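Hello,

Here is the structure you were going to look at. My notes follow below it.

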Amino acid sequence: MARSVLLSTHPWSDLTLQELAQRASEWGFAGLELGCVGDHLEVQPAHSDESYCQQKLEMLNGLELLIPVLSNPSVGQAIGDTLTP
């Protein structure tokens with residue numbers, strides 16, 4: 001069974017999504033695991049601006065990249081301990 005090979009954007013947060021997507025397309029990746037880092041996917045604009053996600057998808061579709069996974073591990077790793085006096 002053929003499997004799509006994705007590139008996680010987290011280690012590449014120093015690049016804009018446009019730059020990284022162009023490279024990933026040239027390198028032959030099928031898509032991206034889109035991380036909530038840098039300008040790759042900003043949660044607040046995605047929530048408040050109706051066109052934000054559509055613009056990202058259009059740019060990635062133009063490069064024939066899939067986005068089957070969104071990732072935000074920093075929030076998932078944020079664990080607070082109870083304070084004791």
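Leaving aside residues up to four places away in sequence, Thr 9 touches Leu 20, Leu 32, Glu 33, Leu 34, Gly 35, Val 37 and His 40. Please keep in mind that this is a predicted model. Thr 9 is found in the loop between E1 and H1. Thr 9 has a relative accessible area of 0%, so this residue counts as buried, the cut-off being under 20%. Its side chain also reaches the backbone nitrogen of Gly 35, at 2.8 Å.

Ser 13 is found in the loop between E1 and H1 as well. Ser 13 is partly exposed, with a relative accessible area of 40%. With residues up to four places away in sequence again left out, Ser 13 touches Val 37, Gly 38 and His 40. Ser 13 and His 40 are 27 residues apart along the chain, and their C-alpha atoms are separated by 7.5 Å.

Then there are the aromatic rings. The count comes to one aromatic pair. Trp 12 and Trp 27 form this pair, with 5.5 Å from centre to centre and 50° between the planes, and the pair is tilted. The pair links distant parts of the chain: Trp 12 lies in the loop between strand E1 (6–8) and helix H1 (17–27), while Trp 27 lies in helix H1, 15 residues apart. How accessible are the two partners? Trp 12 has a relative accessibility of 26% and counts as partly exposed. Trp 27 is partly exposed too, with a relative accessible area of 45%.

Regards

Definitions and conventions
Residues numbered from 1 in each chain as written. Predicted model: local features only at pLDDT ≥ 70, side-chain atom pairs only at ≥ 80, totals over all residues. Heavy atoms only, no water. Phe/Tyr/Trp six-rings, centres within 6.5 Å; stacked < 30°, edge-to-face > 60°. Helix = DSSP H or I, 4+ residues; strand = E, 2+ residues; numbered from the N terminus. Buried < 20%, exposed > 50% of the residue type's maximum accessible area, 1.4 Å probe, protein only. Polar contact = N/O pair within 3.5 Å; in protein donor to acceptor, adjacent residues only side chain to side chain. Contact = heavy atoms within 4.5 Å.
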